[in-house]
Amino acid sequence: MTRNATFGALVFTLLLVTTGLSGAVGAVPAAGTAPDASPAPLAQETTTQGNQTANESASVTFEDQRSNGSAVTVAEVNLSAGGYVVVFAQNGTVLGNTTYLEPGTHENLTVSLEMPIGRSQVLIATPHLDTNENQTFDFNATQAQAVGPANATDRPYLEPTGLPVNAVAFVTVGNETRRGTTTASRVVRGR
């Protein structure tokens, strides 16, 4: 498992363990990094695989990016049984999701954030199943906490370990840099 995949699993585990998808610990910048230094990318540039059963596997790639705060782009998702890509804040709040996606690979998905973000932060992209097969995203974090994520309506695809498949990315809003200062000449890193 790559460093970023491990970090993503850790963040999501914290979400599940601490609050059942209603809260998590915030990211802390690396000690000793100069304010204007370009920090290492946080995004997962490799996919995270999950295969709870042969019929339910997913992978997702979510890269560091610049946003206006009202939408983000998920680079790629592969859903064996169809479903959605859901974007979460670190505190477990659902910020937005795609419409229903057919089984297969989808690239460069724009996810509109129903709850726009006003500052740069780490976001989590998680593929979800359409468990009730109505092609409407019905996941509820409170219900997931009560019944467990494996039993929730439109639950996330799960890793063999039982953790949700996910990818993390640092989303820079507007002209902010990763440290929160503004600059007009900041170069956006990407593939």
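Let me begin with the core. The largest nonpolar core of this model has 25 residues, and those with the most contacts inside it are Phe62, Val72, Val74 and Leu123. By nonpolar core I mean a set of buried Ala, Val, Leu, Ile, Met, Phe, Trp, Tyr and Cys residues joined through side-chain atoms within 4.5 Å. Buried stands for under 20% relative accessible area, exposed for over 50%, and partly exposed for what lies in between, with a 1.4 Å probe and protein chains only. Two or more residues of this core come from each of β2 (56–61), β4 (71–79), β5, β7, β8 and β9 (167–173).

A word on the basis of these values. The model is predicted: local features need pLDDT of at least 70, side-chain atom pairs count only at pLDDT 80 or more, and totals for chains, interfaces and linings use all residues. Residues are numbered from 1 along each chain as its sequence is written, and side-chain values use heavy atoms, with hydrogens and water left out.

Leaving aside neighbours within four places in sequence, valine 74 is in contact (heavy atoms within 4.5 Å) with Val60, Thr61, Phe62, Val85, Glu107, Asn108, Leu109, Val111 and Ala125. Another core, of 11 residues, lies apart from the largest one, and among its members are Tyr84, Val86, Val122 and Ala152.

Now the chain as a whole. Its secondary structure comes to two helices and nine strands, in the order α-β-β-β-β-β-β-β-β-α-β from the N terminus. Helices (H or I, at least four residues) and strands (E, at least two) are DSSP runs, numbered from the N terminus. Of the 191 residues, 44% count as buried. Among contacts between residues at least 6 apart in sequence, 66% join residues at least 24 apart.

I turn to the aromatic rings. Rings of Phe, Tyr and Trp (its six-membered ring) pair if their centres lie within 6.5 Å; planes under 30 degrees apart count as stacked, over 60 as edge-to-face and the rest as tilted. By this rule there are four aromatic pairs. Tyrosine 84 and tyrosine 100 form an edge-to-face pair, at 5.9 Å centre to centre and 75° between the planes. This pair links distant parts of the chain, with tyrosine 84 in strand β5 and tyrosine 100 in the loop between β6 and β7 (104–112), 16 residues apart. Tyrosine 84 counts as buried because its relative accessibility is 1%.

Phenylalanine 88 and phenylalanine 139 are also edge-to-face, at 6.3 Å centre to centre and 90° between the planes. Here phenylalanine 88 belongs to strand β5 and phenylalanine 139 to the loop between β8 (121–128) and α2 (141–147), 51 residues apart. Phenylalanine 88 is buried at 0% relative accessibility, and phenylalanine 139 is buried at 10%. Ring pairs link Tyr84, Phe88, Tyr100, Phe137 and Phe139 into a cluster.

Finally, the hairpin. β5 and β6 pair in the antiparallel sense over three bridges; strands pair if DSSP finds at least two bridges between them. Valine 87 stands opposite glycine 96 in β6. Four residues lie between the strands of this hairpin, in which glycine 92 takes a positive phi near 90°.

Where is asparagine 91 placed? Asparagine 91 sits in the loop between β5 (84–89) and β6 (94–97). With a relative accessible area of 38%, asparagine 91 is partly exposed. Its side chain makes a polar contact with the side chain of threonine 93 (2.8 Å). Such a contact is a pair of N or O atoms within 3.5 Å; within protein, one must be able to donate a hydrogen and the other to accept it, and residues adjacent in sequence count only if both atoms are side-chain atoms.
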